[in-house]
Amino acid sequence: MKYSPGLARLVEALRLLPGVGPKSAQRMAFHLLERNREGGRALARALEEAVANVVHCRRCRMLTEGELCEICAAPRRDATALCIVESPADVVAVEQSGGYGGRYFVLMGHLSPLDGIGPEQLGFDRLEALLDEGEIREVILATNPTVEGEATAHYLGEALRARGLAVSRIARGLPVGGELASAPYTVAEHPLATLAIVAGLGFVIGALWKMGGSRRESVYDGLLARLSDLQRQAGRHWQ
Ligand code: ZN
């Protein structure tokens, strides 16, 4: 049986959502049309408005509707502490823990050479500009405990320490709360082999941060290519 054109478009559109296959999309479409047309209209309006109005915070890249997000605009937040996370969902998770009062920087991903995601895509320029303002003294690296998350943390960690900042590492799964700021660097959940790979490469890549312009980029590209090979080899132990 074929869907009518309008229904086909709806099912296809719903499949854009992560984790939604053809069956789930069909179930959602039928549900909205048969049982909740008002909900469907509200969903359409909310989507329309969010897509039109939600942008990235000028300072931290969090999703927001103003120029600055609520956290960056709040005068009482500790402006000397910065927590670097991969996604807006991580900001929400750390905020819900209630133990952190500083600001954030959202990478919107992690270093992933296979997908063409490097420092530029993660807003490292904007991060450098933020650090250049000179208020931040302490940085907490809260990227995810994956190979790419660790590589990203090492890359950033070396560069941030070179700037004289206090850097600590926290991985998902560790307690997030009062001890957040003092959590030691840890990759305890990881096989030692991968740790060595990531630590070694991360150190070198981090040192490159201090080099300027094209030289940094060419050496960096070479190292990232090597990291992707290692990632591929390590992949089967991880997935
Ligand atoms: Zn912000």
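Which residues does Ile84 touch, not counting residues up to four places away in sequence? In this predicted model, the contacts of Ile84 are Phe105, Leu107, Val139, Leu141, Ala142, Thr143 and Leu156. Ile84 also belongs to the largest nonpolar core, which has 32 residues. Within that core, Ile84 is among the residues that touch the most other members, together with Leu82, Cys83, Val85, Tyr104, Val106 and Ala142. At least two core residues come from each of strand 3, helix 5, strand 4, strand 5 and helix 7. Helix 7 supplies the largest share, seven residues. In soluble globular proteins, nonpolar side chains tend to be buried together.

The sheet is open and has four strands, in the order 4-3-5-6. Pairing is parallel. Strand 4 (102-106) and strand 6 (166-169) form the edges, and each pairs on one side only. From one strand to the next, the twist averages 25°. Strand 3 and strand 4 run parallel and are joined by five bridges. Cys83 has Tyr104 as its bridge partner in strand 4. Strand 5 (residues 138-141) and strand 6 also run parallel, with four bridges between them. Here Glu138 is partnered by Ala166 of strand 6. Helix 7 (residues 147-162) packs on the sheet. Its contacts are with strand 3 (78-85), strand 5 and strand 6. The direction of helix 7 makes about 160° with that of strand 6.

Strand 4 is an edge strand, yet five of its five residues are buried. Strand 4 is therefore largely enclosed by the rest of the structure.

A right-handed β-α-β unit is made by strand 3, helix 5 and strand 4. In helix 5 (88-97), the buried residues are Pro88, Asp90, Val91 and Val94. These residues lie on the same side of helix 5, because they cover an arc of only 155° around the axis. An α-helix has 3.6 residues a turn, so residues three or four places apart point the same way. The buried residues of helix 5 pack against strand 2 (63-64), strand 3 and strand 4. Ala89, Val92 and Gln96 are exposed on the other side of the helix. Just after helix 5, Gly98 adopts a positive phi of about 75°.

Key
Residues are numbered from 1 along each chain as its sequence is written. This is a predicted model: local features need pLDDT of at least 70, side-chain atom pairs count only at pLDDT 80 or more; totals for chains, interfaces and linings use all residues. Two strands pair if DSSP finds at least two bridges between them. Axes are lines fitted to C-alpha atoms, for helices over the stretch in contact, and angles run from 0 to 180 degrees between N-to-C directions. Two residues are in contact if their C-beta atoms, placed from the backbone, lie within 7 Å. A nonpolar core is a set of buried Ala, Val, Leu, Ile, Met, Phe, Trp, Tyr and Cys residues joined through C-beta atoms within 7 Å. A residue is buried if 20 or more other C-beta atoms lie within 10 Å of its own, exposed if 12 or fewer, and partly exposed in between; C-beta atoms are placed from the backbone. The arc is that of the directions from the helix axis to the C-beta atoms. A crossover is right-handed if, with the strands pointing away from the viewer, the path from the first strand over the helix to the second runs clockwise.
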